[in-house]
Amino acid sequence: MVFRILDASAFYAGVPFRSSSDCYTTSLVYDEIKHIKKNHDALGTLLETNRLKIREPDTKSTEAAITGAKKTGDFQQLSKQDISVIALCIELNGEIISDDFAISNVA
């Protein structure tokens, strides 16, 4: 099973709303994007149907994400949200859905 990990740009692009696949994100990203589709409560529907799962990465994966970001030279360009998505991808051995070059480069 491939775990799809979404950053904020994936939500802005509508990825989880056009797909029937399950996806993951972190609470930091969710807090950033929870206003999307507010009138139609699309995010609420994704959560209720368990197609969107909010999960926090473990400390070991977070440390690995930070180390990787420093090795690639992208650390300064990444937000806490970005690091959390990379860490969750490491933990779940998943696939990041993002249009952010720095995230993709570290991943």
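What percentage of the contacts in the protein chain with a separation of 6 or more do residues 24 or more positions apart account for? With that settled, please look closely at Thr26 and its surroundings.

Author: The model is predicted, so local features are described only at pLDDT of at least 70 and side-chain atom pairs only at pLDDT 80 or more, whereas totals for chains, interfaces and linings use all residues. Numbering starts from 1 along each chain as its sequence is written, and side-chain values use heavy atoms, with hydrogens and water left out.

Residues 24 or more positions apart account for 63% of the contacts with a separation of 6 or more, a contact being heavy atoms within 4.5 Å. The chain has 6 helices and 4 strands, taken as DSSP runs numbered from the N terminus (helices H or I, at least four residues; strands E, at least two). From the N terminus, their order is β-α-β-α-α-β-α-α-β-α. The radius of gyration, taken over C-alpha atoms, is 13 Å, close to the 13 Å from the globule rule for 107 residues, so the chain is as compact as a globular protein of that length; the rule is 2.2 Å times the number of residues to the power 0.38. Of the 107 residues, 44% are buried, where buried means under 20% relative accessible area, exposed over 50% and partly exposed in between (1.4 Å probe, protein chains only).

Thr26 lies in the loop between strand 2 (23–25) and helix 2 (27–33). Thr26 is buried, at a relative accessible area of 0%. Beyond its neighbours within four places in sequence, Thr26 is in contact with Ile54, Arg55, Glu56, Pro57, Ser84, Val85 and Leu88. With Ser84, a side-chain to side-chain polar contact of 2.8 Å is present; such a contact is a pair of N or O atoms within 3.5 Å, one able to donate a hydrogen and the other to accept it, and residues adjacent in sequence count only if both atoms are side-chain atoms.

Val85 and Leu88 also touch Ile5, as do Tyr24, Cys89 and Ile96, among others. Ile5 is one of the residues with the most contacts inside the largest nonpolar core, which has 30 residues; a nonpolar core is a set of buried Ala, Val, Leu, Ile, Met, Phe, Trp, Tyr and Cys residues joined through side-chain atoms within 4.5 Å. Helix 5 (residues 80–92) gives the most to this core, with 7 residues.

Helix 5 also holds Ile90, which is partly exposed at 41%. Leaving aside residues up to four places away, Ile90 touches Ser61, Ala64 and Ala65.
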